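My entries follow in the order I looked things up.

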Amino acid sequence: MLMDRGVLVRWNDEKGFGFIQPEKNAAQDVFIHISVLKKMARKPIVGDSILYQTEVQNDGKRKAVIASIEGVAVIAASATPRSHSHVQSRNENFNFNNKNKAHYHSPRKSSFNTIIPLLIIVAIVIFGFKQYQEFNEAPAIDEVPVLTNEDIQPIPMYETKVRTQATPRFQCEAGKTHCSHMSSCAEATFYIQHCPNTQMDGDDDGIPCERQWCS
């Protein structure tokens with residue numbers, strides 16, 4: 001398709017449009033918008049040689065619909081799609097690899113989740129079995145004998161008398177009236193208290209044989 005050539009004579013960089021003065025039919029400038037030059041390596045500047053194709057608008061004016069800056073490199077149209085395709089491909093590969101990893105690890109994870117409860121159950125069973133064995137092997141505790149009424153001997157509740165040193169029992173004998181006949185102070189005391197005709201308490205103070213037995 002044949003392209004017309006012209007020179008960019010006006011350009012508004014802020015608004016992104018300008019006008020081309022054609023080499024042929026220079027009576028009417030051609031409107032050009034930045035959108036038709038978006039594939040160029042740089043923005044246009046006044047004085048650039050523009051190759052373009054035009055169409056007539058409703059108001060009778062012409063505008064460039066396809067254009068390029070002569071001598072300026074054109075960015076490959078496939079660069080962006082290719083980049084996008086490359087990113088998409090990487091994403092697809094990443095997702096595919098993740099799926100493969102998930103598929104690869106899923107059985108291991110499932111097996112791991114299954115093994116843990118089994119190990120816990122086995123440990124509980126082993127622990128219970130050991131406790132059972134220890135209980136059976138433990139020596140039997142001697143049973144406390146149960147006393148019956150026949151085994152219980154009568155036990156006096158209280159002693160009615162406090163035991164003291166045994167006191168010998170004496171009895172009055174004929175002819176034993178003097179201290180020389182006695183064997184102890186206790187016997188002499190018994191005799192003067194219970195037996196007649198004793199001659200062992202000369203001063204009548206109730207203590208016999210004070211020089212011999214009860215001194």
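Entry one. I am working with a predicted model. I started with Cys185, which counts as partly exposed at 27% relative accessibility. Its partner is Cys214, and the two sulfur atoms lie 1.6 Å apart. I looked up the torsion about this S-S bond and got about 110°, so the disulfide is right-handed. Cys185 sits in helix 2, while Cys214 belongs to the segment after helix 2. The two are 29 residues apart, and the pair links distant parts of the chain. I then checked Cys214 and found it buried, with a relative accessible area of 12%.

Entry two. I turned to Cys179. A disulfide joins Cys179 to Cys209, with an S to S distance of 1.9 Å. The torsion about the bond between Cys179 and Cys209 is about -105°, so I noted this disulfide as left-handed. Here too the pair links distant parts of the chain, 30 residues apart. Cys179 is in the loop between helix 1 and helix 2, and Cys209 is in the segment after helix 2. I looked up burial for both ends. Cys179 is buried at 15% relative accessible area. Cys209 counts as buried at 4%.

I went on to Cys172. It is joined to Cys195 by a disulfide, S to S 1.7 Å. The link of Cys172 and Cys195 has -95° about the S-S bond and is left-handed. Cys172 lies in the loop between helix 1 (79–137) and helix 2 (185–194), and Cys195 in the segment after helix 2, so the pair ties together parts 23 residues apart in sequence. Cys172 is partly exposed, with a relative accessible area of 41%. Cys195, at 9%, counts as buried.

How many disulfides does the count come to? I noted 3. With the bonded cysteines of the chain numbered in sequence order, I wrote the pairing down as 1-4, 2-5, 3-6.

I left the cysteines and looked up Arg62. Arg62 is placed in strand 5, which covers residues 62–69. Is Arg62 buried or exposed? I found it buried, yet without a salt bridge. Asp4 is the nearest side chain of opposite charge, and it is 5.0 Å away. A salt bridge would need the charged atoms within 4 Å. I then listed contacts, leaving out residues up to four places away in sequence. Arg62 touches Asp29 and Glu55, among others. The list also includes Pro22, Asn25, Gln28, Val30 and Phe31. Thr54, Val56 and Gln57 are on it as well.

Technical notes. Residues numbered from 1 in each chain as written. Predicted model: local features only at pLDDT ≥ 70, side-chain atom pairs only at ≥ 80, totals over all residues. Heavy atoms only, no water. Helix = DSSP H or I, 4+ residues; strand = E, 2+ residues; numbered from the N terminus. Buried < 20%, exposed > 50% of the residue type's maximum accessible area, 1.4 Å probe, protein only. Lys, Arg positive; Asp, Glu negative; His and termini not counted. Contact = heavy atoms within 4.5 Å. Disulfide = S-S within 2.5 Å.
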